[in-house]
Amino acid sequence: LKSDVKVLFTSSKEAEAIKLFSNTYLALRVAFFNELDSYAFSKNLNVEDIINGASLDERIGSYYNNPSFGYGGYCLPKDTKQLLANFKEIPQDLITSVISSNEKRKNFIADAIIEKKSKTIGFYKLAMKKGSDNSRSSSVLDIIDKIKEFTPKVIIYEPNLSDSIFNGLEIDNNIKRFKDRCDLIDANRFEDELLDVKNKVFSR
């Protein structure tokens, strides 16, 4: 759509490195703000104020700073692990830490959900991003796996799935009935149709 798109000519190896380092940096940024959120949640601090304040520094910026249940999808998990494998004997700490941080975040979120001891837990959509229909390698799926053995009943609301069962769990795509049935609704991304039950929604 732009008439002045920048073009950079490199070898294929440098082009691959650009992609892997770019996606790993984005994963690092996600992991950073998720750890910030874990801290604020544990200390009962207003996470929005902290993020907004830190983002006023132009070197940080107010973009890609929204906490989540953990990064997922297709590119970030795959590319961070590929980059780590490419390092082999080359010294590094950050890339290992990004991958580890994401796993710890998902465990932290799962523990927070389990601690609420709700009888019926609903997961509102499986996709990683708002407006997306792609749930491949979603962090929500990992969290469901972590909590389902500790929870009496887990229900999924996912309009992009037409089946009545997903990974052994019930799908209820009647949004009103789904909201009525759940004692706790977990949403990786909060949407307006949850406003009427905001008091029982857990989202970061």
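**Note on helix packing and a pocket in a predicted model**

1. The lining of the second largest pocket comprises, by class, four nonpolar, six polar and four charged residues. In total 14 residues line this pocket, and the space within the pocket is about 360 Å³. Nearest to the centre of the pocket lie Val47, Glu48, Asn66, Pro67 and Arg204. The coordinates under discussion are those of a predicted model.

2. As to overall architecture, the chain contains six helices and six strands. Their order along the sequence is α-α-α-α-β-α-β-β-β-α-β-β. The C-alpha trace spans about 55 × 45 × 40 Å along its principal axes.

3. Helix 1, residues 12-43, packs against helix 4, residues 94-115, at an angle of about 40°, and the two axes are 9 Å apart. Helix 1 is therefore oblique to helix 4. The crossing of helix 1 past helix 4 is left-handed.

4. On the helix 1 side, this contact is formed by Thr24, Ala27, Leu28, Ala31, Asn34, Glu35, Asp37, Ser38, Phe41 and Ser42. Helix 4 contributes Leu94, Ile95, Val98, Ser101, Arg105, Phe108 and Ala112. Sorted by class, the contact of helix 1 with helix 4 holds nine nonpolar, five polar and three charged residues.

5. Helix 1 also packs with helix 2, residues 47-55; their axes come within 9 Å and cross at roughly 140°. Angles over 145 degrees count as roughly antiparallel, and helix 1 is accordingly classed as oblique to helix 2. Here helix 1 passes helix 2 in a right-handed crossing, whereas its crossing with helix 4 is left-handed.

6. In the contact between helix 1 and helix 2, Phe33, Leu36, Asp37 and Ala40 of helix 1 meet Val47, Ile50 and Ile51 of helix 2. The class division for this contact is six nonpolar, no polar and one charged.

7. Helix 4 passes helix 5 in a right-handed crossing.

8. Which residues of helix 4 and helix 5 meet? From helix 4 they are Glu103, Lys106, Asn107, Ile109, Ala110, Ile113 and Ile114, and from helix 5 they are Ser139, Asp142, Ile143, Lys146 and Ile147. This contact divides into six nonpolar, two polar and four charged residues.

Key:
Residues are numbered from 1 along each chain as its sequence is written. This is a predicted model: local features need pLDDT of at least 70, side-chain atom pairs count only at pLDDT 80 or more; totals for chains, interfaces and linings use all residues. Side-chain values use heavy atoms; hydrogens and water are left out. Axes are lines fitted to C-alpha atoms, for helices over the stretch in contact, and angles run from 0 to 180 degrees between N-to-C directions. Helices (H or I, at least four residues) and strands (E, at least two) are DSSP runs, numbered from the N terminus. Angles under 35 degrees count as roughly parallel, over 145 as roughly antiparallel, 65 to 115 as roughly perpendicular and the rest as oblique. A crossing is left-handed if the near helix is turned anticlockwise from the far one by less than a right angle, and right-handed if clockwise. Contact means heavy atoms within 4.5 Å. Ala, Val, Leu, Ile, Met, Phe, Trp, Tyr, Cys and Pro count as nonpolar, Asp, Glu, Lys and Arg as charged, and the others, Gly among them, as polar. On a 1 Å grid over the protein atoms alone, a cavity is a set of points where a 1.4 Å probe fits but cannot get out, and a pocket is an open set with protein on both sides within 12 Å along at least five of seven lines; lining residues have an atom within 4 Å of a point. Grid points are joined across faces, edges and corners, and a volume is the space filled by probe spheres set on the points.
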